[in-house]
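Subject: Structure for your review

Dear colleague,

Please find below the structure that I am handing over to you. My notes on what was found in it follow directly after.

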Amino acid sequence: MSESLVEAAREAMTRAYAPYSGYRVGAALETRDGTVIVGCNVENASYPAGICAERVALSAAVAQGHREFSALAICVEAGSPASPCGICRQVLAEFAPALPITSATTRGARQRWTLDALLPAPFTSAVLRDA
Ligand code: THU
């Protein structure tokens, strides 16, 4: 996990639209070919319509033709690193079930996991085929 990926997440965080929670999140996904694609959380007056930084990054990456990922960095301004929410874990697992994740704060804290440790039993297409 390169420090530049964390820096890309930190920069994306500054563009977050989070007027309701005030909790700004940036995410940076590195693709297998080394491309970095970022996302930030985008909230909405209709609260459930908001979307997390991780899913913005993943959706943008897929829309740009990327389906293979080697790392994810997340950055928040809070005291503790953010752990990706359950929906984001499931969405990321569709493409990269063992994705290395580094979660950072602007104050220098770091936490690392692989996605399979955070979501050990994802729902997969294999189950759909077995129906
Ligand atoms: N959020 C993210 O973007 N990523 C996370 O990993 C945790 C939560 C957002 C959703 C919402 O806009 C705000 O943070 C507070 O939950």
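Which element contributes the largest share of the lining of the largest pocket? That share comes from helix α2, residues 53–63, which supplies three residues. Please bear in mind throughout that the model is predicted.

The pocket

The largest pocket holds about 240 Å³ of space. It is lined by 17 residues, and those closest to its centre are V25, N41, I51, C52 and A53. Sorted by class, the lining comprises 10 nonpolar, four polar and three charged residues.

The ligand

Where does the ligand sit? Its place is in the largest pocket. The residues that surround the ligand are S21, Y23, V25, N41, E43, C52, A53, E54, S83 and P84. In terms of class, this shell consists of five nonpolar, three polar and two charged residues.

In E43, an N or O atom of the side chain is 2.5 Å from an oxygen atom of the ligand. For E54, the distance between a side-chain N or O atom and an oxygen atom of the ligand is likewise 2.5 Å. N41 places a polar side-chain atom 3.0 Å from an oxygen atom of the ligand. As for cover, the ligand on its own has 370 Å² of accessible area, of which the protein covers 76%.

With kind regards

Technical notes. Residues numbered from 1 in each chain as written. Predicted model: local features only at pLDDT ≥ 70, side-chain atom pairs only at ≥ 80, totals over all residues. Heavy atoms only, no water. Near = heavy atom within 4 Å. Polar contact = N/O pair within 3.5 Å; in protein donor to acceptor, adjacent residues only side chain to side chain. Areas by Shrake-Rupley, 256 points an atom, 1.4 Å probe, with all protein chains shown as cover. 1 Å grid on protein atoms, 1.4 Å probe; cavity = no way out; pocket = protein on both sides within 12 Å on 5 of 7 lines; lining within 4 Å. Sits in = over half its atoms within 2 Å of the grid points. Nonpolar A, V, L, I, M, F, W, Y, C, P; charged D, E, K, R; others polar. Points joined across faces, edges and corners; volume = space filled by probe spheres on them. Helix = DSSP H or I, 4+ residues; strand = E, 2+ residues; numbered from the N terminus.
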